[in-house]
Amino acid sequence: MADDYPYDDPKKPEVPEGAGKAEEAGEPERPPEPETSPFAGPHADPYGLGSTRFGLAAHVVAGLSYFFWPVLPLIIYLMESDNRFVRFHAMQSLLLGVGALVVVIAAFVLKFVPIFGWLASLALWVGFLGLVIWGIVSGFTGQWKRLPIVGEIAAQQLKLDG
C-alpha cells in the first residue's frame with residue numbers, strides 16, 4: 001500500500017507511466033508540458049489584451065470590476081492607467097452602478113402600485129441583474145461588449161471610437 005502513495009519517499013524521483021518508452025523507440029524525450037494558470041505563466045494573456053498594473057490577466061481584472069460596486073470598479077479604474085480594456089469595463093461597471101441607483105428609486109416608487117408596480121419592479125431588477133451578468137461574462141471572456149446605454153457612455157468617456 002505504501003507503494004501506491006507517491007509522496008512517501010521525497011528522495012525517490014517520481015517516474016510517470018510510459019517514461020523511458022520514447023528512448024526505447026529511438027525518439028528524443030520531450031520535457032513535460034508546463035501547467036498554466038489564468039493568472040500567470042506563458043498563457044496568462046489568452047485574448048491578447050495586454051498586461052495590467054495588478055499583475056493579473058486583463059480579462060480577469062475586467063471581469064472582477066463588476067463586483068463590489070462602487071469600491072472595486074473605482075479602484076480598478078483609477079489605478080489602471082494603461083490597459084484600455086480594463087478601464088472600459090471598470091467605467092462601464094461604475095456607470096451600471098449609477099444605473100442601479102435609478103433602478104432602486106424606480107422600484108421603490110413602483111412598489112406602491114399594487115400588482116402592476118410589483119411586477120414592473122421585479123422586471124427592472126431582473127433586467128439589471130441580466131446586464132450585470134452580461135458585463136461579467138464579457139469581461140472574463142475578453143470581449144469588448146458594450147452594454148446598452150452605459151457601454152456607449154463609457155466608450156465616449158474613454159474615447160474608444162476615435
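## A buried glutamine

In this predicted model, Q92 has a relative accessibility of 0% and therefore counts as buried, the limit being under 20%. Q92 belongs to helix α4.

The side chain of Q92 comes to 3.1 Å from the backbone nitrogen of L147. Leaving aside residues up to four places away in sequence, Q92 touches Y66, K145, R146, L147, V150, G151 and A154. Of the contacts in the chain with a separation of 6 or more, 55% are between residues 24 or more positions apart.

## Helix α4

Helix α4 covers residues 84-110, a run of 27 residues. At 1.5 Å a residue the helix should span 39 Å, and this agrees with the 38 Å between its end C-alpha atoms.

The N-terminal end of α4 is capped by N83. A side-chain oxygen of N83 lies 3.0 Å from the backbone nitrogen of F85.

## Overall architecture

The chain contains six helices and zero strands. Its pattern along the sequence is accordingly written α-α-α-α-α-α.

Of the 162 residues in the chain, 30% are buried.

## Backbone features

Most residues other than glycine have a negative phi, and most peptide bonds are trans.

The peptide bond joining W69 and P70 is cis, with omega about 0°. P70 is located in the loop between α2 (58-64) and α3 (71-79).

## Positive phi values

Where does I149 lie, and is this residue buried or exposed? I149 lies in the loop between α5 (116-140) and α6 (150-157). Its relative accessibility is 65%, so I149 counts as exposed, the threshold being over 50%. Although I149 is not a glycine, its phi is positive, at about 65°.

K159 is likewise a residue other than glycine with a positive phi, near 55°. K159 is found in the segment after α6. With a relative accessible area of 59%, K159 is exposed.

Note on methods: Residues numbered from 1 in each chain as written. Predicted model: local features only at pLDDT ≥ 70, side-chain atom pairs only at ≥ 80, totals over all residues. Heavy atoms only, no water. Helix = DSSP H or I, 4+ residues; strand = E, 2+ residues; numbered from the N terminus. Expected span 1.5 Å × (residues − 1). Polar contact = N/O pair within 3.5 Å; in protein donor to acceptor, adjacent residues only side chain to side chain. Buried < 20%, exposed > 50% of the residue type's maximum accessible area, 1.4 Å probe, protein only. Contact = heavy atoms within 4.5 Å.
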